Amino acid sequence: MPGFGRIIAVALLVLPLTGCLAGGLDLFGDDKVDRSIATGTVAGNQANGGSDEMTVQNAVSSADLSKLGSDPLPWANASTGSAGVVTTIREQKQGGFVCRDFSTTRHSYEGIAYFSGKTCAVGPGWRLMSFDRQS
């Protein structure tokens, strides 16, 4: 009866695994699957990245150019996950307004892009005049 002992031993080893195969591995539509929990996703492309544009404008307009000198100015937008570095800011007076031309990078889920722009002090605050993606 040595063969009978082996059959019992194999059966005892395999028997606990049958619960795993009895429907627990059904990947194609088991009604027992809890679909009420969903994870967040990365938001799609925002309309022209408006939130990032405003973040860059705020960084450029609030920069103290006398202290910054030629150092790069980092910026980050927690709401989009984007970040970048303003590499140049040039200030000039134009028609009675103070304007700042700038160049920046934007590191986002879409990759790295380069932008140039202009913001001017108009009235009580700053207004973004241009924000153009460079090729």
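Does threonine 119 count as buried or exposed, and at what relative accessibility? At 0% relative accessibility, threonine 119 counts as buried (under 20% relative accessible area with a 1.4 Å probe, protein chains only; exposed is over 50%, partly exposed in between).**View 1. Threonine 119 sits in strand E4.** This is a predicted model, where local features need pLDDT of at least 70, side-chain atom pairs count only at pLDDT 80 or more, and totals for chains, interfaces and linings use all residues. Residues are numbered from 1 along each chain as its sequence is written, and side-chain values use heavy atoms, leaving out hydrogens and water. Strands (E, at least two residues) and helices (H or I, at least four) are DSSP runs numbered from the N terminus. Contacts of threonine 119 (heavy atoms within 4.5 Å) include Gln57, Val60, Cys99 and Trp126, not counting residues up to four places away in sequence. A polar atom of its side chain lies 3.1 Å from the backbone oxygen of arginine 127.

**View 2. Strand E4 pairs with E3 and with E5.** Strands pair if DSSP finds at least two bridges between them. E3 (residues 97-108) runs antiparallel to E4, with 10 bridges. Serine 103 has serine 116 as its bridge partner in E4. E4 and E5 are also antiparallel, over 9 bridges. Their hairpin has 2 residues between the strands, and glycine 123 there takes a positive phi near 65°.

**View 3. The largest nonpolar core has 13 residues.** Such a core is a set of buried Ala, Val, Leu, Ile, Met, Phe, Trp, Tyr and Cys residues joined through side-chain atoms within 4.5 Å. Val60, Trp75 and Phe131 are among those with the most contacts inside it. Helix H3 (50-62) is one of the elements giving two or more residues. H3 gives the most, with 3 residues.

Note on methods: A polar contact is a pair of N or O atoms within 3.5 Å; within protein, one must be able to donate a hydrogen and the other to accept it, and residues adjacent in sequence count only if both atoms are side-chain atoms.
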